Amino acid sequence: NTRSLPLRARQVLLHDLLEPVADDALRISEHIETDGPTIFHNACKMHAEGIVSKRAAAKYNSGRGSDWIKCKCLLQQELVISGFTLPGASHTGMRGVGALLLGYYKDGHLIYAGRTGTGFNQKTHQLLRDKLDSLTQSAAPFHNPPAEARKDAPRWVKPELVAQVRFPTWTADNLIRQSAFLGLREDKPASEVTREAVGPTPKSSKPTKVRVPHSSQSHR
């Protein structure tokens, strides 16, 4: 039972055990031990989701605790509101939106970029619904929208409103992940909205992480 050993000692044991058999299918997860903020900012520049920092001298404890922390990089992007869903059953009678369907322009086509269903308050719910109801149309404005775009019977709207959203990363399917609505951009024409901060596309929809152990004295 190695759970009482510090992280550094457990990593040495794991390295000795796996190094003779490590190959392209099985690799030992390396770590970087240096200034935390510098690593974090570099991870964000690489469009990683963030970093995981672990206390290097900590024993193994199952469950959540203070011996490791996850710091997420957050991106912001302007996207065109191109549809919306109605509030869910738990919000019966509320005038508002369930989620906004979003997109950006590429080569003259409106490309589906995902949806956001958080970040609204009572005031923005009503404001968005009033504006979107006046823009409804029968056809989807997206160019070749995926099946995901048609989930929950969305109501399509003319692509005239621009939303500012925050999210951690783009997925391998070129959709924003875990996004939150920040507000409307009334100063930005919808036709000028393109995808920003394009970086390396992940190999799968699973987030990319950079794991960084830290000692008890390092920045947290």
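The model is predicted, so local features need pLDDT of at least 70 and side-chain atom pairs count only at pLDDT 80 or more, while totals for chains, interfaces and linings use all residues. Residues are numbered from 1 along each chain as its sequence is written, and side-chain values use heavy atoms, with hydrogens and water left out.

**Overall make-up**

- The chain holds three helices and ten strands, where helices (H or I, at least four residues) and strands (E, at least two) are DSSP runs numbered from the N terminus.
- Read from the N terminus, the order of elements is α-α-β-β-β-β-β-α-β-β-β-β-β.
- Among contacts (heavy atoms within 4.5 Å) with a separation of 6 or more, 65% are between residues 24 or more positions apart.

- An open sheet of five strands has the order 5-4-3-6-9, with antiparallel pairing; two strands pair if DSSP finds at least two bridges between them.
- Strand 5 and strand 9 are the edge strands, each pairing on one side only.
- From one strand to the next, the twist averages 50°, with axes as lines fitted to C-alpha atoms (for helices over the stretch in contact) and angles running from 0 to 180 degrees between N-to-C directions.
- Strand 3 is joined to strand 4 by five bridges, and the two run antiparallel; Ile 81 stands opposite Leu 102 in strand 4.
- Strand 3 is also joined to strand 6, by nine antiparallel bridges, and here Leu 79 stands opposite Ala 163 in strand 6.
- Four bridges link strand 6 to strand 9 (residues 180-184), again antiparallel, and Val 165 stands opposite Phe 181 in strand 9.

**Nonpolar cores**

- A nonpolar core is a set of buried Ala, Val, Leu, Ile, Met, Phe, Trp, Tyr and Cys residues joined through side-chain atoms within 4.5 Å.
- The largest one has 32 residues, and those with the most contacts inside it are Ile 81, Leu 100, Leu 102, Leu 128 and Leu 132.
- Two or more residues of this core come from each of strand 3 (75-85), strand 4 (99-106), strand 5 (109-116), helix 3 (122-133) and strand 6 (155-167).
- Strand 6 gives the most to this core, with seven residues.
- Another core, of six residues, lies apart from it and includes Phe 40, Ala 43, Ala 48 and Ile 51.
- In soluble globular proteins, nonpolar side chains tend to be buried together.

**Two individual residues**

- Thr 85 lies in strand 3 and is buried, because its relative accessible area is 5%.
- Leaving aside neighbours within four places in sequence, Thr 85 is in contact with Val 97, Gly 98, Ala 99, Leu 101, Arg 115, Lys 151, Asp 152 and Pro 154.
- Ile 28 sits in the loop between helix 1 (7-18) and helix 2 (36-45).
- Not counting residues up to four places away in sequence, Ile 28 touches His 15, Leu 18 and Glu 19.
- Ile 28 and Gln 11 are 17 residues apart in sequence, and their C-alpha atoms are 9.2 Å apart in space.

Definitions and conventions. Buried means under 20% relative accessible area, exposed over 50%, partly exposed in between (1.4 Å probe, protein chains only).
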